[in-house]
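Here is a short report for a reader meeting this structure for the first time.

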Amino acid sequence: MTARIGVVTFPGSLDDRDTQRAIRLAGAEPVALWHKDKDLKQVDAVVLPGGFSYGDYLRAGAISRFSPVMETVIAQAKAGMPVLGICNGFQVLTEAHLLPGAMLGNNHLHFICRDQKLRVENAGTSWTADYASGQEIHIPLKNMDGRYVADERTLDMLEAEGRVVFRYVDVNPNGSLRDIAGITNEAGNVVGLMPHPEHAVEPLVGSGRTDGLPFFTSILKKLVTA
């Protein structure tokens, strides 16, 4: 039996199907989860996909954080279940206080869509073990509210504890402090990032790169060998 990885669909999610496909390509079984359900259907890990949950009304991710499914996701994440938040999912994780800091509007106030160069800073999380620390990769980026911010004390803590997982290279596309593109929690089971690895898993689609696939092979290997 292979690993079962749940993908939550909120009203306004638009990358849930792509994420399910990426999971399937990696060799795991994707399981669709609806935001109103508290039952996680016995999945081994959860992905909160990108999109515009609840239309990003009020603030990106602020309403999704109170969806019934998040009550269980938060409890399971604190108990050690691997959780990945991509773009809007990253915003939901900060709103749920599973990750520190907050996401604000891009400093240039425009939606951005580009192929983004990143450096892997931490290959020791549940979702990055198939990368090497210091490796540079290219992942598509598309967002309006992707500027990561936190107070200096939190930023220093993240740096000191190796919890900055990805950093923008060459160009900081949105004004994120210290070029941060993704972070993890203290245990390393919860990861959030703004770029979209699910859009870089097949050579015939998008940029032609498969730099995003190791996210999904990393978690599969961890779950299979656990």
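## The chain as a whole

The chain has five helices and eleven strands. Its radius of gyration is 16 Å, close to the 17 Å that the globule rule gives for 226 residues, so the chain is as compact as a globular protein of that length. The model is a predicted one. Along the principal axes, the C-alpha trace spans about 45 × 35 × 35 Å. Of the 226 residues, 55% count as buried.

## A β-α-β unit

Strand 1, helix 1 and strand 2 make up a β-α-β unit. The unit is right-handed. Its two strands pair in the parallel sense, over six bridges.

| Element | Residues |
|---|---|
| Strand 1 | residues 4-9 |
| Helix 1 | residues 16-26 |
| Strand 2 | residues 29-34 |

## A nonpolar patch

Which residues form a nonpolar patch on the surface? They are Leu14, Phe52, Leu109, Phe111 and Met144. Together they have about 470 Å² of accessible area.

Take Leu109 from this group. Leu109 sits in a loop, between strand 5 (102-104) and strand 6 (112-120). Is Leu109 buried or exposed? The cut-off for exposed is over 50% relative accessible area. Leu109 has 64% relative accessibility, so it counts as exposed.

Key
Residues are numbered from 1 along each chain as its sequence is written. This is a predicted model: local features need pLDDT of at least 70, side-chain atom pairs count only at pLDDT 80 or more; totals for chains, interfaces and linings use all residues. Side-chain values use heavy atoms; hydrogens and water are left out. Patches are made of residues with over 30% relative accessible area and no salt bridge: like charges are joined within 9 Å, nonpolar side chains (Val, Leu, Ile, Met, Phe, Trp, Tyr) within 5 Å. Accessible areas come from the Shrake-Rupley method with a 1.4 Å probe; for residues, only the protein chains shown count as cover. A salt bridge is a side-chain nitrogen of Lys or Arg within 4 Å of a carboxyl oxygen of Asp or Glu. Helices (H or I, at least four residues) and strands (E, at least two) are DSSP runs, numbered from the N terminus. Buried means under 20% relative accessible area, exposed over 50%, partly exposed in between (1.4 Å probe, protein chains only). Two strands pair if DSSP finds at least two bridges between them. A crossover is right-handed if, with the strands pointing away from the viewer, the path from the first strand over the helix to the second runs clockwise. The radius of gyration is taken over C-alpha atoms; the globule rule is 2.2 Å times the number of residues to the power 0.38.
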